[in-house]
Amino acid sequence: MNNKPVDTTHLTQTKLGLGFIAISLLVMTASLIYFFQVLQPRLLQEAQDQATLLVNNIASPLADYDLLSDQHQTSLATSLLLLYNDDNQQPFIKAIKLEFNPGLIDKPPLFDGQACTNCFKVSIPIFDKNTAMLLANAKFLVNPINYQRLISDLKNKLLITLLLILFLLLAFWLLLKNLLQQLINAQQHNQSILNSIEDLLLIINSKGIIVDQNPSASKVIPLQSNLNSLIQPLHGQPIDTLIHKNQTSPIEVRFKKGLYYGQIGLMTISRVQSHLYDHQGYYIVLIKNIQALRSAQAELKHQTEMAHLSRLRTLGEMASGIAHEVKQPLAVIRLGAEGLQSLHQQAWSTKNNQFALELDQTIIEQVDRADKIVRNIRSFARLEQAPAEWVKVPDVIESAIGFVKQAYRLDKIKLIEEIDYNVPLLFIEYHKLEQLLVNLIANAKDAIQHKSLTNTFDTSQAWIKIRLFRETDKTTLEVEDNGCGMTPQQQAQCLMPFYTTKSTDEGVGIGLAIVKNVADLYDAELTVESKVGEGTCFRLSFNSPANPTTADVRV
């Protein structure tokens, strides 16, 4: 992934050129050495052997004592031998020298023909064909024209062969050079792509050591570093385990040092499938810095919450005004209904009296219900934080349960308390925490009653469980039920103001929104777990600061 292969482009091309020249010289040198040191001496020897064979064939007429003893016949015979020629009218024998045996023929040596320095010299004894006596020693100068013609032809063929080999080598070198250039261009293209990747691209071995990286990574992570010392997975298993598991799905990691210290990234790991790395096991690690994305998401969420808060404040102002205006006529109606109830108790007959009393009671109950709705709206709309105090959470739970314990017992709903009385105190407004609990318990009861409408649910098995326990630096409060549960879509919207699955006469969707409001007010983490037909669990985790030393504690 680095630039080293690209930097050696010209060096590689130079090496190829020098290699081509060396191979060409080697082929030419080997060919010339073979021709002059092996082939030409062998051809020369074959030409000498052919000349000897030729002389033995054509010199047979001289094997006659009578012919050699006669000067005239000898000259005639040698002249006839000199007339032998090939298709190109080139004589086979250029000259003949006879040295007679003085014991038989007393004549001086005979030389006939032309002297030749480069002719083949063939010396043979001439014996009489009848008596087998040595008549003379003959020396023949054989014409080398055929040999020279053969050598010239072979040289031309050798030259053509060498030129053809050089041409093939040149074509091969040009093809190889073109392929190399294409490979280099592809490598440069791939390198430019790698250079343009802003994410961190690493090659690590099975021990987590970084052996290669792209330029973006080289600015952040030093080579030969251990990946385990640089990043830390936010969830799940350590880096060493993820490497051997071939973690192809993205996981969140946090940078432990370097330029990106403390920032969040997404990491994937896959095994390298390449001949460039040995069989010991190498892995590609891709890390994308998502800190900017996280910051943008947080900013968007903050802006959304601010816009939502602005709408709630406007709603609060409207609700306060509406509540103030509505409470006055409600108070008048209630006073009137109570007066009618008192009057009816005194004046009417028993039958009419019963009907009138029921009607009066209905008016009073509906006025109380309207007043409760108004108070809930005012409580939800009141965003300002009232003075908080150190409170004992178990006391708040007992107080909240006290409101509903008797009514729930009549409805056959079992209240289960799992309270840790040693949890730290919470710095919170007492009545807000109490209201939060009452709303969650009431919501649980509504879910159970909704489930009881089905024939498969036995109301005697209904229960609501309130848990309070300590988790490290958190105090956790849970309200769980085995009611009807919620779908994922309902879970996503259940904390929104005025969202409800109930009928219009059962509620307006404020209770759980108040719970969310209180949780946000005191930086508590609110989570919801629910399964349709099985039940729901609301979990609030409050920060647990050190217990007060001088502050007043509400008992």
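Which side chains meet in a salt bridge at 3.7 Å, N to O? In this predicted model, the side chains of Lys97 and Glu99 form that contact, a salt bridge being a side-chain nitrogen of Lys or Arg within 4 Å of a carboxyl oxygen of Asp or Glu. Lys97 is partly exposed, with a relative accessible area of 32%, and Glu99 is likewise partly exposed at 32%. Here buried denotes under 20% relative accessible area, exposed over 50%, and partly exposed the range in between (1.4 Å probe, protein chains only).

Residues are numbered from 1 along each chain as its sequence is written, and side-chain values use heavy atoms, with hydrogens and water left out. Because the model is predicted, local features need pLDDT of at least 70 and side-chain atom pairs count only at pLDDT 80 or more, whereas totals for chains, interfaces and linings use all residues.

The protein contains 13 helices and 18 strands, assigned as DSSP runs numbered from the N terminus (helices H or I, at least four residues; strands E, at least two). Of its 555 residues, 35% count as buried. Among contacts with a separation of 6 or more, 63% involve residues 24 or more positions apart, a contact being heavy atoms within 4.5 Å. The accessible surface comes to about 33200 Å², and carbon and sulfur atoms contribute 57% of this area; areas were computed by the Shrake-Rupley method with a 1.4 Å probe, and for residues only the protein chains shown count as cover.

An open sheet of 6 strands shows antiparallel pairing in the order S6-S5-S10-S9-S8-S7, where two strands pair if DSSP finds at least two bridges between them. Strand S6 (210-213) and S7 form the edges, each pairing on one side only. From one strand to the next, the twist averages 35 degrees, with axes fitted as lines to C-alpha atoms (for helices over the stretch in contact) and angles running from 0 to 180 degrees between N-to-C directions. Within this sheet, S5 and S10 run antiparallel and are joined by 6 bridges. Leu200 stands opposite Ile287 in S10.

Lys288 lies in strand S10 (residues 282-289) and Asp199 in the loop between helix H5 (145-196) and strand S5 (200-205), so the pair ties together parts that are 89 residues apart in sequence. Lys288 is partly exposed, at 43% relative accessibility.

In total, 9 salt bridges are found in the structure. One of them joins the side chains of Glu478 and Arg467 at 2.6 Å, N to O. Glu478 belongs to strand S15 (residues 474-481) and Arg467 to strand S14 (residues 463-471), so this pair connects parts 11 residues apart in sequence. Both Glu478 and Arg467 are buried. Salt bridges with shared partners link Glu418, Arg467, Glu478, Glu480, Glu529 and Arg539 into one network.

The backbone was also examined for positive phi values. Most residues other than glycine have a negative phi. Thr472, in the loop between S14 and S15, has a positive phi near 45 degrees and is exposed, with a relative accessible area of 67%. Gln224 has a positive phi of about 70 degrees; this residue is found in the loop between helix H6 (215-218) and strand S7 (231-233) and is exposed at 52%. In helix H13 (residues 511-521), the buried residues include Leu512, Ile514 and Val518. Just after H13, Asp523 takes a positive phi of about 55 degrees.
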